[in-house]
Amino acid sequence: MLPLTAAVTAVAAGAALAACSEQTASPAGDPAAATSRGPITFAMGKNDTDKLTPIIDAWNAAHPDEKVTLRELAGEADSQRDTLVQTLQSGSSDVDVMALDVVWTAQFAANGWLTPLTGDLAVDTSAMLDAPVESATYRDTLYALPQNTNGQLLYRDTRAVPEAPKNWDDLKQACAAVRDRKQDCLTMQLKQYEGLTISTVDAMYGWGGGLLDDNQKPQVTKPESRAGLTALVDAYRDGTISSASTGTTEEETNLAFTQGQTAMAVNWPYMWTNARKDGSAVKDSVAVSPIVGKDGTGVSTLGGYNNGINVNSKHKATALDFMKFIVSPENQRSFAEASFPPVLASVYDDPALQKDQPYLPALKKSLENARPRPASPRYDEVSKAVQDNAYAAITGGKNVDKATEDMKTAIENISG
C-alpha cells in the first residue's frame with residue numbers, strides 16, 4: 001500500500017458507483033457458498049503484494065486443496081478500483097477476496113458487491129484497533145475484515161526541533177526557531193488532490209469539528225470546523241507551513257524531509273524507513289510523534305486496506321479463513337516489521353518490535369485517535385467538494401466562511 005491508498009481521485013468511477021449506491025446492500029449470491037471450500041483468488045494492488053506473498057505461500061503450503069492465487073492489480077488506486085468494479089458489475093466470481101482501500105468499502109457494500117460478515121461468516125474483531133473496524137463497517141454491519149491500517153505521523157529533525165510539539169501552538173513556536181536556520185518548517189500535502197482533503201479534515205477534526213455527521217449531513221460550517229480550516233490557512237500564509245506544500249503530495253513530502261529541506265513533515269509511516277536509510281539527511285536525527293491539534297494530540301485520517309469477499313465467490317468459507325489468517329499475530333507482526341501498520345492492537349506493544357521500530361508507540365496513539373473517512377457511497381464527490389474549496393481558501397481565492405459555505409452547498413447537492 002502506497003501512502004496514497006487513500007488517494008482516490010477517479011470521480012467518474014465514483015459517479016458510476018453512486019448510480020446504484022442507494023440500494024440496501026444484501027447478501028446475494030449462492031447461500032451455500034458461505035460454507036463452501038476450495039481454491040480462491042486474492043486481488044490486490046501490486047505496490048504492496050510483497051508483504052502478502054510470504055503469507056500466501058505459507059497458506060498454500062498448509063492448504064494444498066484450497067490454494068490462493070494472487071491477482072496483482074495496477075499500482076494506481078483508481079485503476080485498481082476500475083478493474084474490481086468491472087469484475088463485480090459483471091457478476092463474475094473470478095476474484096474471491098479483494099484488498100479494498102478503506103474508502104471503497106462503503107461504496108462496494110452499498111452496491112451489494114460484498115458479502116456481509118454475519119451468520120456463518122461472522123468474525124471476532126475485538127482484538128483489532130477500533131478505527132479500522134469502523135472503516136470496514138457499513139450501516140452497522142461488518143462487510144470486510146481490516147488487513148492493515150495507516151495513520152499519519154508528525155516527523156521532525158531533532159537538530160531543528162528537539163522536543164515533540166504537544167499542540168498546534170507548540171508547533172508554531174517551534175517554527176519560529178526554525179526560520180533562523182533558513183529551512184522550511186512544516187511540509188504537508190496541500191496540493192489539490194485527496195491529500196488536501198485529508199489535511200483539511202484532519203484540521204477540522206483537530207479543532208473539534210468535522211466533515212459529515214452520522215446522517216451524512218455536512219458539518220463544515222460549524223465554528224469548530226471553520227476554526228480548523230482557518231488554522232491551516234493562517235499557518236500557510238505566515239510560513240509555518242511551507243509555500244511548496246500547495247504543490248506537494250506524499251512523495252514530495254518524503255523527498256523534502258529526507259533531503260533536509262524541511263524541519264518537520266506530516267506523512268504516513270512508510271517515510272520512517274526512508275528517513276533512516278543511508279543517504280538520508282536526517283538518518284540519525286529523525287523522530288516521530290502523533291500529529292497535533294488545537295489542544296493536544298490531533299486526529300489522523302485513517303488509511304489502509306480492508307479485505308472483502310466478492311458476493312459471487314464460490315468458496316466463501318475458504319475466503320474468510322484466508323482473511324483471518326492474514327490478521328493472525330504472526331502475520332501482523334511481519335507487517336509491522338515491514339513498516340506496514342498492522343490492525344492488531346497487541347502488536348504495537350511488543351517490546352522487541354518497539355526496539356526495532358521505535359515509531360510504533362506514536363503510531364498506535366495516532367491510530368487510537370484516528371477516524372475513518374465518511375462511509376459515503378459518493379465519497380469521491382464529497383472529497384472533490386472539500387478539495388476545491390479548501391484549496392481556494394488556502395491560496396486566497398476565498399475566505400474561510402465563503403469556502404466552507406460553498407463546500408457545504410456542494411456536499412448537500414451531492415447528497416440530494
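D238 is partly exposed, with 34% relative accessible area; partly exposed covers the range between buried, under 20%, and exposed, over 50%, using a 1.4 Å probe and protein chains only. Before going on, the background. This is a predicted model, where local features need pLDDT of at least 70, side-chain atom pairs count only at pLDDT 80 or more, and totals for chains, interfaces and linings use all residues. Residues are numbered from 1 along each chain as its sequence is written, and side-chain values use heavy atoms, with hydrogens and water left out.

Back to D238. Its side chain meets that of K172 in a salt bridge, at 2.8 Å from N to O. A salt bridge here is a side-chain nitrogen of Lys or Arg within 4 Å of a carboxyl oxygen of Asp or Glu. K172 sits in helix α6 and D238 in the loop between α8 and α9, so the pair ties together parts 66 residues apart in sequence. Helices (H or I, at least four residues) and strands (E, at least two) are DSSP runs, numbered from the N terminus.

The structure holds 20 salt bridges. Another one joins D401 and R226, at 3.5 Å. D401 belongs to helix α16 and R226 to helix α8, so this pair links parts 175 residues apart in sequence. D401 is partly exposed at 45%, while R226 is buried at 18%.

Now the strands. Which strand runs antiparallel to β9, joined by four bridges? That is β7, residues 153-157; strands pair if DSSP finds at least two bridges between them. Strand β8 runs parallel to β9, with three bridges. Six of the six residues in β9 are buried.
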